[in-house]
Amino acid sequence: MSLLFEGILQAFKLILTLDPYMMQIVLLSLQVSGMAVLFATLAGVPLGTYLGLKPAERTRFAGKLLYTLMGLPPVVAGLVFYLLFSRMGPLGVLGLLWTPAAMIIAQFALALPIIAGLTMIGIRGSGKEVQETARTLGAGKLLTAWTVVRESRFAIFGAVVTGLGRVIAEVGAVMIVGGNIEGRTRVMTTAIVLETGKGNFELAVGLGLALLVISFAINSLLYHFQGGGKDNAW
Amino acid sequence: MLKFLQGSKKTKKIGFKSLLPISAILCLVLTINLLSGCSQKPPSGQEAKGEPETGAKADEFIILATTTSTYDSGLLDVLLPAFTKKYGIEVRVVSKGTGQVLEIGKRGDADALLVHDRAAELKLVEEGYFTDRQDVMYNDFIVVGPSADPARVKGHQKVMDAFAAIASGGHNFVSRGDDSGTNRKELSVWKKAGIDASGGWYLSVGQGMGDTLRMAGEMQAYTLADRATYLSLKGSLNLEIVLEGDPVLFNQYGIMSVNPAKHSHVKYDSARKFIEFMMSPEGQEMIASFQIGGESLFFPGKGVAD
Amino acid sequence: MPGSEMILEVKNLSKVYDKEVINIGQLSFRRGRIYGIIGPSGAGKSTFLRLINFLEAPTTGDIYFKGEPVFMNGRGAGLPVLQKMTMVFQKPLLFKTSVKENIAYGLKARGFKKEEIQERVETLLKKVGLNEFAGRLATTLSGGEAQRVALARAVAFEPALLLLDEPTANLDPSNVELIERLILDLNRDTDMTIVMVTHNIFQARRIPQEVIFLHEGRVVETGETEKMFTSPEDPRTRAFVEGRMIF
């Protein structure tokens, strides 16, 4: 239909002219999701490494829990954090509701199980062997852990990129805890919902395209890491 | 042979020092970013009331929870910059259905509310949740449907008769189903008409006004809409007004502040300033002159007697 | 006789999984000697190496390092002891870094100075015939090359005790020869104690000075290599060294 065609045409114009409203939204999206994934990496990689080095039989419950949380619907995470951060909620005094910080925390909760879970799977393959090799070579606990992480870096980067891909595309959690406030908590996905409702298809399609481009970049990275990373310079 | 055996040994640090500065920088950046996120909302307990003039007035903001109809229409895009310019107070808008907005307000998660369910508003003011309620503007609801009008709604004057015609003919009707002001109005009409709105023809979609209109257009169904949203979307819809003017369809918007007696953290003074601005001749004039495609969407003040 | 100092001694060492796999009353290893552990498959040879390298905790028993008890009543060995020994696995795992970085790993873990590391790595690369491979990604090496890197990596920090688990299994003759040569050189030039597990009775006769014959987790017989091969006391040892024991 011409609506779609027109939308795409206008959308390209918005992208090519670096429309400030749109750029601001894209930037905030990257900031919020980037922060969330950074924190989730700092917490999830050690956790996944720890679990991955334990025998699978002994981490069965933790594994099941992680797998379940990996599929946690964003709206459920949003709801939980809304109730926590609401003024009447247990963390209400922090005044976090409707702020980017709340969005980061909610997305952190979505990314953490993915990063920890996929790291765990990645480590389980050869982590034990790496750990033993490092130990026999006289590495202390910290160096051993670092070596295990470094040796599984492709799997771990894959995990991180998967986490980023998930949170940047989710709408449920950021909508509920962020409130889609213009210039403050409006990210690409919530803006698409809003602009579609308002009938601003150009902007909605433009943001959709931007999201696609970012997803493509993220998945190209993922593809690269899952291929084992041909350039092993690092 | 093997002269590497004469080596000076030193048991020192482990060799991944290079990691430490990186993670330190990361942590710093993260902390700063998070703090800046937090700082957008001042710590609780610091209320508008008796707040010392520190000169940071321009940074202050209030949260306005409002219905999607006022937000999507673009009215606030005109009003809020004028208010901010005058008072130096930023208004951050969270737009949801009226039911949700009232709930957000009751929980103290907003400072000011702009909604359209007069009876519910007055009741909640009475219960002490909200205060300083003013009838800020009005417009009306309309019944829209396909131009072919298979249910022959156009012949009716009363919305109850129109709804009865739609129900008895089993013509598709799309309901917001989101506990919004419009949804509440629609449900009250079904109730007054004594019709059990259920069955294959009645589609409760749980969407905002814009999406509901769009769905009704795609399905060539009837729906109840607020005039402002309909007018702002009319161009991309395949729907026309089939009934208007019934006094039952009158739509009064109210503006009010969350009661600081219930929630001490709310920025009551700033919220009051916002209400004063909206009720001022300047604000009322801006509402009156807001038009889309040559048509007024809202009318200032109170449009009905109690 | 190069030193009679006891490097490692085990007493009443046992390991039980579903069934008992190791039960050794007493065994000791002295400085500067090469020990060969032989025995049929399932005799517990690799498990024994893992136990004395503290990769696994024994079910019972004590381990003494240089006369000091390092594993008693379930307490494990600390880093200072662990840093004095190392093991080369049958299929070594090389880190996904350069060959040079692999060899430097243990040195870095011990806080060696940069120049010292550089010097040792270069010496070792020459020694194992891989000086042209210094910058190559270690995981792209062939089996024999990888085993040589693993050996270089293990001896770089001069462990007092070097454990080798089937170091030449699955290697081609030229690599076998090279690695055997390296082991003998180490023995000649250093006072490292080397314990190698092998299923190859010819290698067991060529390299070690002392041989331990393990069977069903128990030490059947130990002694000087020549004696073990020419006049073993136990009929099971005789059967094994004459190649009559199925394994």
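Modeller: Strand β3 (residues 34-38) of chain C pairs with β8(C) in the parallel sense, over 4 bridges. The model is predicted, so local features need pLDDT of at least 70 and side-chain atom pairs pLDDT 80 or more, while totals for chains, interfaces and linings use all residues. Residues are numbered from 1 along each chain as its sequence is written, chains are lettered from A and ligands numbered from 1 in the order written, and side-chain values use heavy atoms, without hydrogens and water.

Colleague: What makes β3(C) and β8(C) a pair?

Modeller: Two strands pair if DSSP finds at least two bridges between them, and here there are 4. In one of them, C:Gly36 has C:Met196 as its partner.

Colleague: How many bridges join β7(C) to β8(C)?

Modeller: Strand β7 (residues 161-165) of chain C and β8(C) run parallel and are joined by 5 bridges. C:Leu162 stands opposite C:Ile194.

Colleague: Why is B:Ser175 called buried?

Modeller: Buried means under 20% relative accessible area (exposed is over 50%, partly exposed in between; 1.4 Å probe, protein chains only). B:Ser175 has 1%, so B:Ser175 is buried.

Conventions
Helix = DSSP H or I, 4+ residues; strand = E, 2+ residues; numbered from the N terminus.
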